[in-house]
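Please look over the sequence and the structure shown below before reading on. The briefing that follows starts from a single residue and then widens to the chain as a whole.

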Amino acid sequence: MRTRRAATAGKLTVVLATLVLVVAGCGGPSPRAWAASVCEALAPWRAEINKLTSSTQQQMTAQTTPTQAKENLVRLFDGAEQASETARRKVEEAGVPETDHGEEISAGFRASLSKVRDAYGRARDTIDGLDTGEATAFYNGVRAAVDTLNKEYDASALDTSKLNSEELKQAFDEVPECR
């Protein structure tokens, strides 16, 4: 019995070692494929954020009650948070591009989208916590929340100067998904 178990364990070890070598030998997507996947993830996100930004601006100037404005803004910021998370997840699913500093570049994109997602979530939570009993105080709170959101959004921008890859720059310029 022991010999049979030892032989089976030995075969399993060889299979696992071979599997590890095969998986380790598999590289990530090419720069062009990665850029295309990232642009496919970001295009709907940008469109959704633009739509939500426009709706937020309209909501800020609309003649609604504070309660209605609060409901609408919470829903808008929740949508922006969800859109940002969807884009982040799709960039993560794109993998790591097979290029110098590919892991760092992929992580930078994901981190930037995480920060944007979190900024929208904080804005939503802040507005959701505002009292609607006094309109002036409510709208002052909304303005403060939007100001904070804008600062956090600006701070979340990806610093591409540190994520330098000529292959990826060329890929982002050339693939149709990024135009």
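Leaving aside neighbours within four places in sequence, Thr-99 is in contact with Pro-31, Ser-165, Glu-167 and Leu-168. These contacts belong to a predicted model, in which the protein chain has a mean pLDDT of 83, with 83% of its residues reaching 70 or more.

**Thr-99 in its loop**
- Thr-99 is found in the loop between helix 3, which covers residues 66–93, and helix 4, which covers residues 102–128.
- Thr-99 counts as buried because its relative accessibility is 14%, and buried means under 20%.
- One of the contacts of Thr-99 is with Ser-165, and here the two side chains make a polar contact at 3.0 Å.

**Ser-112 in helix 4**
- Ser-112 is found in helix 4, and with a relative accessibility of 14% Ser-112 counts as buried.
- When residues up to four places away in sequence are not counted, Ser-112 touches Ser-156, Ala-157 and Leu-158.

**The largest nonpolar core**
- The largest nonpolar core has 33 residues, and the members that touch the most other members are Leu-42, Trp-45, Phe-77 and Ile-127.
- Two or more residues of this core come from each of helix 2 (31–61), helix 3, helix 4 and helix 5 (135–155), and helix 3 gives the most, with 9 residues.
- Trp-45, leaving aside its neighbours within four places in sequence, is in contact with Ala-83, Ser-84, Ala-87, Leu-113, Val-116 and Tyr-153.

**The chain as a whole**
- The secondary structure of the protein chain comes to 6 helices and 0 strands, so that, read along the sequence, the pattern is α-α-α-α-α-α.
- Of the 179 residues of the protein chain, 35% count as buried.
- The accessible surface of the protein chain comes to about 11000 Å², and 54% of this surface belongs to carbon and sulfur atoms.
- Among contacts between residues at least 6 apart in sequence, 81% join residues that are at least 24 apart.

- Among the elements of the protein chain, helix 1 (residues 2–25) has the lowest mean pLDDT, at 35, whereas helix 4 has the highest, at 95.
- Over residues 1–25 the pLDDT stays under 50, and for these residues the model has 0 contacts beyond four places in sequence.

Terms used
Residues are numbered from 1 along each chain as its sequence is written. This is a predicted model: local features need pLDDT of at least 70, side-chain atom pairs count only at pLDDT 80 or more; totals for chains, interfaces and linings use all residues. Side-chain values use heavy atoms; hydrogens and water are left out. Helices (H or I, at least four residues) and strands (E, at least two) are DSSP runs, numbered from the N terminus. Buried means under 20% relative accessible area, exposed over 50%, partly exposed in between (1.4 Å probe, protein chains only). A polar contact is a pair of N or O atoms within 3.5 Å; within protein, one must be able to donate a hydrogen and the other to accept it, and residues adjacent in sequence count only if both atoms are side-chain atoms. Contact means heavy atoms within 4.5 Å. pLDDT is the predictor's confidence in each residue, from 0 to 100. A nonpolar core is a set of buried Ala, Val, Leu, Ile, Met, Phe, Trp, Tyr and Cys residues joined through side-chain atoms within 4.5 Å. Accessible areas come from the Shrake-Rupley method with a 1.4 Å probe; for residues, only the protein chains shown count as cover.
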